[in-house]
Amino acid sequence: MQGARVPAARARGFVIARALEADGIPCSVRVARPSVYGDTLLPWPLNLPRPLYAPFAALSRVAQLRDLRDDDVVFFQRPMTELPTMLLERLAARGRRAIFDFDDAIFERRSNRKKFPALVALADRVIAGSAYLAAATRAPGKTMIIPTAVDAERYAFQPTRERRGRDVVVGWTGLDINYRQLLHALPGLTRALERTGARFLAISNAPPPAELAPLRPEFVRWRPETEIEDLARIDVGVMPLPDGPIERGKCSYKLIQYMAMGRPGVASPVGSNPDVVTEGVDGFLPRDDAGWERAIVDLVEDTALRRAVGARARARVEAAYSVRAVLPLYKEAIEAAQGAARAMGGTSW
């Protein structure tokens, strides 16, 4: 894992490892320290120069190689470090089976232009979060698609509240580097909030930038201890995305979080969003400013619509985007990496 608070590690690492353990497959989770992805625990501005921490994270990885067993399956949840070298990954995989899992367009980063195909070639099996990402591996014979999932028991269903107008909360959650995505739907969101009086909530690691002032956002600092409680304040969740190469690799994590709690999601038809949501059934996929305005206004003003869409959204997550739904696929990937004739040993993440 790249860090204790890295979204990909939480969504596709820790929760899956715990589920595998509960199913009888021992897992050893190893996290880079310090993480270079926002959880260095250093105060601002010392937490900003992310590339400066990459060498220290790599050094912490060296010690994590010492007790790997020959019968381990090494599971790379993204690359071990953000350095362009493959040395650590090759050492970890030497004489062992390896799985490479990724859920973002990491191949678009300059540091990964050569490392990404090398890691795909190194792995016995590759797990991609979407069809778009799977195609980027150019290795269809050993690549399988497993969508990002949530623990549906932790993200418990919460029925829609009888609210209208200013009592309704439209919300967004994500890292501060992704606030720019909200700009894509800013005109439609702003008009919808003005028409209905609904409030906007941003849950992130830093306050919203000045560009989002038209939303008059309330800010709540993201904390793992209160994540579910804070998300429960949202009545309608949004996930705007511009149609760019990075965004096409997004695996809809925040959208799935909203839906798991029985909240209708409104999202751009980019990345995995059209796979997760059926328009007008368990969410909405507006294509322009007018569509964003219309979807938000309808959901704010119609409690019955919020309730029906939210209930269907929860059912959709339980069926396809819960840990329970995807766990058999992870077990299949581990078994395939080991080979059918080999006994199942441990899995090191």
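This is a predicted model: local features need pLDDT of at least 70, side-chain atom pairs count only at pLDDT 80 or more; totals for chains, interfaces and linings use all residues.
1. Five strands make up an open sheet with parallel pairing, in the order 8-7-6-9-10. Strand 8 (218-221) and strand 10 (265-267) are its edges; each has a single partner strand, so one side of each lacks a neighbour in the sheet. On average, and ignoring direction, neighbouring strands of this sheet are turned by 25 degrees against each other.

2. Strands 6 and 7. Strand 6 (residues 169-173) and strand 7 (residues 199-204) run parallel and are joined by five bridges. Along this pair, Val 169 is placed opposite Arg 199, and Trp 172 is placed opposite Ala 202.

3. Burial of strand 6. Five of the five residues of strand 6 are buried, so the strand is largely enclosed by the rest of the structure. In a regular strand the side chains alternate between the two faces of the sheet. Here both faces are covered: Val 169, Gly 171 and Thr 173 are buried on one side, and Val 170 and Trp 172 are buried on the other.

4. The largest core. The largest nonpolar core contains 55 residues. Val 170, Leu 189, Phe 200, Val 238, Val 266 and Ile 296 have the most contacts inside this core. A second, separate core has 27 residues, among them Leu 65, Met 80, Phe 102 and Val 126.

5. Six strands form an open sheet in the order 1-11-2-3-4-5, and the pairing is parallel. Strand 1 (27-28) and strand 5 (143-145) are the edge strands, each pairing on one side only. Three bridges connect strand 4 (residues 125-128) with strand 5 in the parallel sense. In this pair Val 126 is opposite Thr 143; Val 126 also belongs to the second core.

6. Helices across the six-stranded sheet. Helix 1 (residues 7-22) lies across strand 1, strand 2 (73-77), strand 3 (97-102) and strand 4, at about 150 degrees to strand 2. Helix 12 lies across strand 2, strand 3, strand 4, strand 5 and strand 11 (347-348), and runs at about 145 degrees to strand 3.

7. Helix 12 in detail. This helix (residues 323-338) has 16 residues and spans 22 Å from its first C-alpha to its last, close to the 22 Å expected at 1.5 Å a residue. Its buried residues are Val 323, Val 326, Leu 327, Tyr 330, Ala 333, Ile 334, Ala 337 and Gln 338. They cover an arc of only 130 degrees around the axis, which puts them on the same side of helix 12. An α-helix has 3.6 residues a turn, so residues three or four places apart point the same way. Just after helix 12, Gly 339 has a positive phi of about 100 degrees.

8. Asp 167. This residue is in the loop between strand 5 and strand 6. Its relative accessibility is 38%, so Asp 167 counts as partly exposed. Not counting residues up to four places away in sequence, Asp 167 touches Arg 199 and Asp 235. Asp 167 and Ala 198 are 31 residues apart in sequence, yet 6.3 Å apart in space, C-alpha to C-alpha.

Methods: Residues are numbered from 1 along each chain as its sequence is written. Side-chain values use heavy atoms; hydrogens and water are left out. Two strands pair if DSSP finds at least two bridges between them. Helices (H or I, at least four residues) and strands (E, at least two) are DSSP runs, numbered from the N terminus. Axes are lines fitted to C-alpha atoms, for helices over the stretch in contact, and angles run from 0 to 180 degrees between N-to-C directions. The expected span of a helix is 1.5 Å times one less than its number of residues. Buried means under 20% relative accessible area, exposed over 50%, partly exposed in between (1.4 Å probe, protein chains only). The arc is that of the directions from the helix axis to the C-beta atoms. A nonpolar core is a set of buried Ala, Val, Leu, Ile, Met, Phe, Trp, Tyr and Cys residues joined through side-chain atoms within 4.5 Å. Contact means heavy atoms within 4.5 Å.
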